[in-house]
Amino acid sequence: MVKLDNGLKIWLDAYNQGLAQLMQSGYVATVEAVRDGLSTLTATCVTDSPHIARVLDTCVTEHTQVVPVRIYHPAPDRPLPVIVFLHGGGHMAGSVAVYDAICRKLSKATQHIVVSIDYRLAPEWPYPNGLSDARIVIGQLWPLLEQHQLAYLPTLSLVGDSGGGAMAATLSADYQDHPDVSIDNQVLIYPSLDYTMSQPSVTANGKGLFLQQDKMQWYFDHYFQHGEDRQAASPLFMAKSAQLPRTLMITAEFCPLRDEGVAYVQQLSALGIPTEHFHLDDMIHAYLNLESLVPIQCRATYQKIADFLTTSGDN
């Protein structure tokens, strides 16, 4: 029988107790508090920030829209394949700065250039503004790297966690038949793929396991502000073809988003798309942001991503 990692259980008990006390005092969540909370949690628990040979803050511009990005090149003397990274945070929180250590670990483990996008967030910038920012960066990716004289190989992988995983899967669907943009791989880390919240694990794991069902609803209500069809916006329900990229799906047993990840990878497998499913049966949502509590599982995850991307050319 699967059970929650003991260290996580101890941490969760204290976290839930503190949360209950806050609620009893009349606390009401705000956007600023959620952003500060993710930032503080990640900074506290992801303390090892590896050196990367070249890190560059720059931006991509299209018309009047300026999209900041941070580029990590672990070996500037040789061309490397490229990851576009989309951070998590429920489309409301997270940033390039918050995810800096995670992107450094990803770049070092995979020996890929990582381009981390500081896309616009809800509620100030609701759906689909963040996706528009990502499309701008993807559309200008190779000229951007050339502009800064960064040695690269024109192999593109999308990587995202949680809400960023939703964005990665959406972009993969957008570009599956595109004549000029080829996405070779996608890595979806406990992604949010069903905005209707209709999968059984949302209810089964939606209380007391860090990502709460009611908080998910709150995130999505801030993200979709104009009566959009949430099912149509969900990667789980989007049209799919054999042109979708190779996919690594990472899920956690005690995550509310578990079942949508499982369903999505089954859909792709049925189409003949090469897929791998890495499931951690003792983890919760957002465990990469909790690394000091679960270092072994985090190391295994980065290694799995590296192995998957390294074998890309073999499939």
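**Helix pair α3 and α10**

The angle is about 45° and the axes are 9 Å apart. I took axes as lines fitted to C-alpha atoms, for helices over the stretch in contact, with angles from 0 to 180 degrees between N-to-C directions. Helix α3 spans residues 100-110 and helix α10 residues 295-310. Helices (H or I, at least four residues) and strands (E, at least two) are DSSP runs, numbered from the N terminus. The crossing of α3 past α10 is right-handed, meaning the near helix is turned clockwise from the far one by less than a right angle.

I then listed the contact residues (heavy atoms within 4.5 Å). From α3 come I102, K105, L106, A109 and T110; from α10 come Y302, I305, A306 and L309. By class I find seven nonpolar, one polar and one charged. Ala, Val, Leu, Ile, Met, Phe, Trp, Tyr, Cys and Pro count as nonpolar, Asp, Glu, Lys and Arg as charged, the others, Gly among them, as polar.

**Ground rules**

Residues are numbered from 1 along each chain as its sequence is written, and side-chain values use heavy atoms, without hydrogens and water. The model is predicted: local features need pLDDT of at least 70, side-chain atom pairs count only at pLDDT 80 or more, and totals for chains, interfaces and linings use all residues.

**S157**

I found S157 in strand β5 (residues 152-161). S157 is buried at 1% relative accessibility; buried is under 20% relative accessible area, exposed over 50%, partly exposed in between (1.4 Å probe, protein chains only). Beyond four places in sequence, S157 touches V82, I83, V84, N185 and L309. Its side chain makes a polar contact with the N185 side chain at 3.0 Å. That term is a pair of N or O atoms within 3.5 Å; within protein, one must be able to donate a hydrogen and the other to accept it, and residues adjacent in sequence count only if both atoms are side-chain atoms.

**Backbone checks**

I noted two cis peptide bonds, A122 to P123, omega about 5°, and Y127 to P128, omega near 5°. P123 is in the loop between β4 (113-117) and α4 (129-139); P128 is in the loop between β4 and α4.

H91, not a glycine, has a positive phi of about 65°. H91 is buried at 2%. Q111 also has a positive phi, near 55°, and is partly exposed at 28%.
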